[in-house]
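Thanks for coming. I have one structure to go through today, so please bring it up on your screens.

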Amino acid sequence: MSDSVVPIKVLVADDQRVTREGLMLLIGLNAGMEVVGGAADGAEAVALAHERHPDVVLMDLAMPGTDGFAATRALREEAPEIAVLVLTTYADDESVFPALRAGAKGYLTKDAGADEIERAIRAVHGGQVWMDPVVQERLVTVVTSGLPPQPEAVPDGKASASPTTAPEPEQPKWDILAPLPERLTAREAEVLALIAQGLSNAEISERLFLGRATVKTHINRIFAKTGVRDRAQAVRYAYRTGLTH
């Protein structure tokens, strides 16, 4: 590499220390890349971005406090020259579409290998868009079908409407217009209320017309956001916060 080549400066944002430091080490091994910092949440990512001026921020989505969605929106508004590349566990509609609307230039899942992460960083730094194959397939399906994506969280905590030909599921006993705790989306609150009613993952899947993998993803996000460790704690949390009675 010529001494005149300016390295791509990368900031890594992930709340899991082992993951964050592993990614920083991995990216730092690439010729032409320089890791300028690591952030444990979205607020720190935005602050470090202003301080260290990275070219690319590798952004997790599910982080405590300020999450990756909010951090991506902030960077789009405050530092649009920085490209955000999402690297997350989730590839469901409630993650992909809000992240892209927030301003992400690329989207990878944590199944991505080192080579793909490197290529994605170079692509978004060069002004291109980079999508995980699973995400690409979902985007193509939505575009070609003419159907909107599944409901997503909006700033006031309500869910956007999504037409469906499936029959309306029985509503859990909680007020959908009430403020949702711990930044839960309306769908996550719905799943939590059903957990509190004693439904299994399979039963929740049938009740809400969701795939079992999607239900599991929602439950993982609920646990991460609320800090509960198991279903018993989730039930107590649901009763304590009024999501079920």
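**His218 and its surroundings**

Let me start at one residue: leaving aside residues up to four places away in sequence, His218 touches Glu94, Arg187, Glu188, Val191 and Leu210. Contact here means heavy atoms within 4.5 Å. His218 sits in helix α9, residues 212–226. Helices are DSSP runs of H or I with at least four residues, strands are runs of E with at least two, and both are numbered from the N terminus. At 2% relative accessibility, His218 counts as buried. Buried means under 20% relative accessible area, exposed means over 50%, and partly exposed is in between, with a 1.4 Å probe and protein chains only.

Before going on, the ground rules. This is a predicted model, in which local features need pLDDT of at least 70 and side-chain atom pairs count only at pLDDT 80 or more, while totals for chains, interfaces and linings use all residues. Residues are numbered from 1 along each chain as its sequence is written, and side-chain values use heavy atoms, with hydrogens and water left out.

Now the overall count. The protein has 10 helices and six strands. Of its 245 residues, 46% count as buried. Taking contacts between residues at least 6 apart in sequence, 62% join residues at least 24 apart.

Next, the sheet. In what order do the six strands of the open sheet run? The order is β2-β1-β3-β4-β5-β6, and the pairing is parallel. The edges are β2 (33–39) and β6 (130–131); each has a single partner strand, so one side of each is left without a neighbour in the sheet. Two strands pair if DSSP finds at least two bridges between them.

Consider β4, residues 83–88, which pairs in the parallel sense with β3, residues 56–59, over four bridges. Leu58 stands opposite Leu85 of β4, and Met59 has Val86 as its bridge partner. With β5, strand β4 also pairs in the parallel sense over four bridges; there, Thr88 has Thr109 of β5 as its bridge partner.

Is β4 mostly covered or mostly open? Mostly covered: six of its six residues are buried. Ala83, Leu85 and Leu87 point one way, Val84, Val86 and Thr88 point the other way, and all are buried. Strand β5, residues 106–109, is likewise covered on both faces, with Gly106 and Leu108 buried on one side and Tyr107 and Thr109 buried on the other.

Glu21 lies in α1 and, at 41% relative accessibility, counts as partly exposed. From Glu21 to Ala39 there are 18 residues in sequence and 9.9 Å in space, C-alpha to C-alpha.

Helix α2 covers residues 42–52, and Gly42, Ala45, Val46, Leu48 and Ala49 are buried in it. What covers them includes β1, β2, β3 and α3 (68–78). Asp41 caps the N-terminal end of α2, with a side-chain oxygen 3.2 Å from the backbone nitrogen of Ala43. A polar contact is a pair of N or O atoms within 3.5 Å; within protein, one must be able to donate a hydrogen and the other to accept it, and residues adjacent in sequence count only if both atoms are side-chain atoms. Just after α2, His53 takes a positive phi of about 50°.

For α3, the buried residues are Gly68, Phe69, Ala70, Ala71, Thr72, Ala74 and Leu75. They pack against α2, β3, β4, α4 (93–102) and α9. At the start of α3, a side-chain oxygen of Asp67 reaches to within 3.2 Å of the backbone nitrogen of Phe69.

Last item, a charge and a ring. Arg221 lies over the face of Tyr90, at 4.9 Å from the ring centre. The criterion is NZ of Lys or CZ of Arg within 6 Å of the ring centre and within 35 degrees of the ring normal.

That is what I have; questions are welcome.
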